[in-house]
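Visitor: I am new to this structure. Could you take me through it step by step?

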Amino acid sequence: MEKARINFILNGEAVEVYADPSRSLLYLLREDFGLTGTKEGCGQGECGACTVLLDDLAVNSCLIPAGKIAGCSVVTIEALSREGEPDFVQKAFVKKGAVQCGFCTPGMVMSAHALLKENTDPSSEEVKMAISGNLCRCTGYKQIEEAIMLAAEQLKDRPT
Amino acid sequence: MSYVKAANLQEALNLLKTSTPRPRVIAGGTDLFLQDWPGCLIDISFLDDLKIIEEKDEVLEIGSGVTHAMAAGSDLVKYKATALAEACTMVGSPQIRNMGTLGGNVINAAPAADAAVALVALGAEGVLIDCGNSIRRMPVDKLYAGYNHSVVDCGSEILLKFVFEPCKPDEGSAFVRFAARRALALPMVNAAARIRIKDGLISAVHLVVAPVKPAPTRLLKTEAKLCGKPVGEETWFEAEQLAAGEAEVRGSLLRCSADYRKHLVGVLAGRVLRTAALRALERKV
């Protein structure tokens with residue numbers, strides 16, 4: 001498709017990009033914005049490595065045409081840390097050993113964030129459901145589930 | 001060559017009429033994105049008009065732009081169209097359910113599209129509008145033209161919503177599926193039922209299974225034989241035999257053999273009818 005101007009909010013900042021609207025949001029993020037934390041796994045919506053938040057909902061960025069995000073808010077893994085300090089979900093992943101090769105981790109962390117935005121006291125079943133669209137071939141999922149439960153506990157302890 | 005996010009329904013219809021090359025409507029895009037793209041796309045997934053979930057004059061209206069996640073999370077759908085809420089919980093993954101719409105699920109026309117199977121069991125009709133503003137209504141199973149083909153022309157018309165009678169206090173509905181995994185797996189078989197119970201007897205029933213034919217398929221003979229039968233294990237066992245006998249299924253190298261699928265049709269038919277009937281009984285109390 002012909003290139004077009006696309007305005008959207010990326011990690012809290014208003015941005016404008018001149019891009020082919022039929023390109024995937026995944027490539028737009030990685031190539032045009034250099035945000036390579038979002039990974040390409042299967043490229044067809046089955047592995048969840050490319051998960052980002054679109055208007056606070058977890059989505060597969062590999063299945064989203066760039067044209068669709070005009071006027072929307074997109075949050076990627078890069079938005080989570082502050083001055084190099086990982087956020088509470090990322091720290092929980094480290095603490096629980098929920099990372100092995102690390103390729104699925106950004107997607108897992110974004111799915112965890114989508115869950116915790118909606119539900120600050122998830123059951124382990126709800127955690128499993130929330131990451132059911134994210135494949136991990138190393139950890140066996142147990143540590144990831146524990147990490148998200150730990151992050152949820154910390155969220156509860158935070159002053160509101 | 002363009003991608004336009006329509007600001008409202010009228011703009012979308014005008015664009016359909018005037019755009020060149022011939023445009024195509026896109027909603028969630030989770031299937032379309034992996035296929036060949038036309039040069040001009042009109043995105044209707046953000047239109048509020050298509051996101052309604054409401055009950056009006058004893059009709060439940062669910063917009064075609066409602067995502068699977070929205071339908072699965074709606075109290076109205078959970079209570080009055082339980083089969084649809086359950087089906088929507090099982091589609092793809094959370095990420096897919098956040099983008100994929102009910103309209104897309106039906107128009108993509110996969111034989112065992114979960115939401116479509118539930119909608120057929122609930123007796124839903126699709127309401128369509130074309131770019132000349134004329135409206136037509138069609139039962140959801142009649143929106144299928146063949147395997148993975150819809151009668152809906154995405155270059156000239158828009159599916160607005162699904163309409164059907166909400167389940168009454170003496171009715172229940174349910175959806176079940178059997179797949180290799182709980183997420184991100186197409187079903188080997190799925191089934192949905194809507195059932196009405198009067199004085200402990202089945203007074204009306206819709207039983208839908210897929211994939212049997214190109215569209216979700218009602219097992220009409222089984223339905224007819226079940227009417228008037230008492231609610232109970234014997235009836236569900238009989239339903240298993242009837243359903244497995246009636247459904248003519250094909251095997252698939254990827255998913256399962258025809259024999260296994262036939263067996264599953266029976267098992268799931270019994271299971272979905274039992275669950276729907278229990279719901280009808282519980283609601284009365």
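Visitor: What should I know before starting?

Guide: This is a predicted model, in which local features need pLDDT of at least 70, side-chain atom pairs count only at pLDDT 80 or more, and totals for chains, interfaces and linings use all residues. Residues are numbered from 1 along each chain as its sequence is written, while chains are lettered from A and ligands numbered from 1 in the order in which they are written.

Visitor: What are the scores, and what is the mean pLDDT of chain B?

Guide: The model has ipTM 0.96 and pTM 0.96. For chain B the mean pLDDT is 95, with 99% of its residues at 70 or more; pLDDT is the predictor's confidence in each residue, from 0 to 100.

Visitor: How many residues of each chain are in contact?

Guide: Contact joins 24 residues of chain A to 20 residues of chain B. Two residues are in contact if their C-beta atoms, placed from the backbone, lie within 7 Å. On the side of chain A that touches chain B, the largest share is the four residues of strand 4 (residues 57-60) of chain A. Helices (H or I, at least four residues) and strands (E, at least two) are DSSP runs, numbered from the N terminus.

Visitor: Which classes of residue make up that side of chain A?

Guide: The side of chain A that touches chain B has eleven nonpolar, ten polar and three charged residues. Here Ala, Val, Leu, Ile, Met, Phe, Trp, Tyr, Cys and Pro count as nonpolar, Asp, Glu, Lys and Arg as charged, and the others, Gly among them, as polar.

Visitor: Where is Leu63(A)?

Guide: Leu63(A) is in the loop between strand 4 and strand 5 (73-75) of chain A.

Visitor: Is Leu63(A) buried or exposed, and what is it in contact with?

Guide: Leu63(A) counts as buried because it has 26 C-beta neighbours inside 10 Å. A residue is buried if 20 or more other C-beta atoms lie within 10 Å of its own, exposed if 12 or fewer, and partly exposed in between, with C-beta atoms placed from the backbone. Leaving aside neighbours within four places in sequence, Leu63(A) is in contact with Gly45(A), and with Gly29(B), Thr30(B), Phe33(B) and Met99(B) in chain B.

Visitor: Turning to domains, which ones does chain B have?

Guide: The assignment for chain B gives domain 1 (2-42 + 52-164) and domain 2 (171-284); such bounds come from an automatic or database domain assignment. Taken over C-alpha atoms, the centres of domain 1 of chain B and domain 2 of chain B are separated by 24 Å. Their contact takes 22 residues from domain 1 of chain B and 22 residues from domain 2 of chain B.

Visitor: Which element gives the largest share on the domain 1 side?

Guide: Helix 7 of chain B gives the largest share of the side of domain 1 of chain B that touches domain 2 of chain B, with seven residues. That side has 14 nonpolar, five polar and three charged residues.

Visitor: How many residues of helix 7 of chain B are buried?

Guide: Nine of the nine residues of helix 7 of chain B are buried, so this helix is largely enclosed by the rest of the structure. Among them are Asp114(B), Val117(B) and Leu122(B). Just after helix 7 of chain B, Gly123(B) has a positive phi of about 80°.

Visitor: And the nonpolar core: which residues touch the most other members?

Guide: In the largest nonpolar core, of 141 residues, they are Leu84(B), Val117(B), Ala192(B) and Val209(B). A nonpolar core is a set of buried Ala, Val, Leu, Ile, Met, Phe, Trp, Tyr and Cys residues joined through C-beta atoms within 7 Å. Helix 10 (residues 258-284) of chain B gives the most to this core, nine residues. Not counting residues up to four places away in sequence, Ala192(B) touches residues including Val117(B), Ala121(B) and Val272(B).

Visitor: How do strand 12 and strand 13 of chain B pair?

Guide: Strand 12 (residues 187-198) and strand 13 of chain B pair in the antiparallel sense over nine bridges; two strands pair if DSSP finds at least two bridges between them. Ala193(B) stands opposite Leu207(B) in strand 13 of chain B. The two strands form a hairpin with two residues between them, and Asp199(B) in the turn has a positive phi of about 50°.

Visitor: What joins strand 13 of chain B to strand 14 of chain B?

Guide: Two bridges join strand 13 of chain B to strand 14 (residues 217-218) of chain B, and these strands run antiparallel. A hairpin through six residues also joins strand 13 of chain B to strand 14 of chain B. The bridge partner of Val209(B) in strand 14 of chain B is Thr217(B).
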